[in-house]
Amino acid sequence: MNVSAGSLPDAPVALKCACADLWSHPMAQLLAGPALRPGGRALTRSLIGRLALAPDARALDVGSGTGATLAELTDAGVRAFGVDYSTSLAAQAADASPVAVGDAESLPYLSGAFDAVFVECVLSAVPDKPAALRECRRVMAPGGQLVVTDVTVRGEFPEPLQALAAWAACVGGACSTETYVALLCEAGFVVEDTTDATSGLRELVDQAERRLAMLRGALSVGLLEGAEMLVVGELARYGLPIAPDGLEALADVLFAQVRGAIDAGGLGYASFVGVA
């Protein structure tokens, strides 16, 4: 699987469903935190400030997740709306702003409706990226601004990281920085800023490992009876048949591979700001 090209998966609908299931799972939110992405709300806040949106501006958050971006937009005085592929995440995010259940490749909003569109750590999980970006362009008013943040990759992931990325379709569909820029330009955006945000990815990995260590401690003293088998069952659903006694070793290998990929420059995180 060549992840650097961001190629279309063999079963796009199934993979979108798998990714929605992953990020709506309580375990994902426990390890990744409420924002579910590198940089968290602090990165979103800085990007909102960079756009200098008017108080009456309308902004759309594509892939609203738990509603972190919607909350930041609302706090900034912007009229925020969201859309998410996951019904459960859309319901969760609706506490912050109105959220529709829908697909990034076919947004359920009128053309020209928004002054800004945010697509944070979502495009890598979208099989048809050109279609999603065309939709972002369609729902924007003239001169509208687009914010994209996402995982960046060069080359291929080693096993078992590649297998995990493949079933999740959340990192497996990531692109190089240059490819993201090309995709934005092809969709009709002028890219005004590209910023490396890999430090946020490092922090997220560190946080996830700390939280996993706490979870291991709880498991070791019997506070979460049956949790290991639940995780094993979830992994098996997506083609990763792991024995219960292999979970800890798998986690250690995955964290080591992610850190190694970051250190080698093969895995990063970046933000992009474009104008329609």
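**Exercise 1.** What percentage of the 276 residues in the protein do buried residues make up?

*Solution.* The structure is a predicted model, in which local features need pLDDT of at least 70, side-chain atom pairs count only at pLDDT 80 or more, and totals for chains, interfaces and linings use all residues. Residues are numbered from 1 along each chain as its sequence is written, and side-chain values use heavy atoms, with hydrogens and water left out. A residue is buried under 20% relative accessible area, exposed over 50% and partly exposed in between (1.4 Å probe, protein chains only). Buried residues account for 51% of the 276 residues.

**Exercise 2.** Classify the aromatic pair of tyrosine 109 and phenylalanine 114.

*Solution.* Step 1: rings of Phe, Tyr and Trp (its six-membered ring) pair if their centres lie within 6.5 Å; planes under 30 degrees apart count as stacked, over 60 as edge-to-face and the rest as tilted. The structure holds three aromatic pairs. Step 2: the ring centres of tyrosine 109 and phenylalanine 114 are 5.2 Å apart with planes at 80°, so this pair is edge-to-face. Step 3: tyrosine 109 is buried at a relative accessible area of 19%, and phenylalanine 114 is buried at 1%.

**Exercise 3.** Describe the pair of tyrosine 180 and phenylalanine 272 and locate its members.

*Solution.* Step 1: this pair is tilted, with 5.4 Å from centre to centre and 50° between the planes. Step 2: tyrosine 180 belongs to helix H8 (residues 177-186) and phenylalanine 272 to strand S7 (residues 267-275), so the pair ties together parts 92 residues apart in sequence. Helices (H or I, at least four residues) and strands (E, at least two) are DSSP runs, numbered from the N terminus. Step 3: tyrosine 180 and phenylalanine 272 are both buried.
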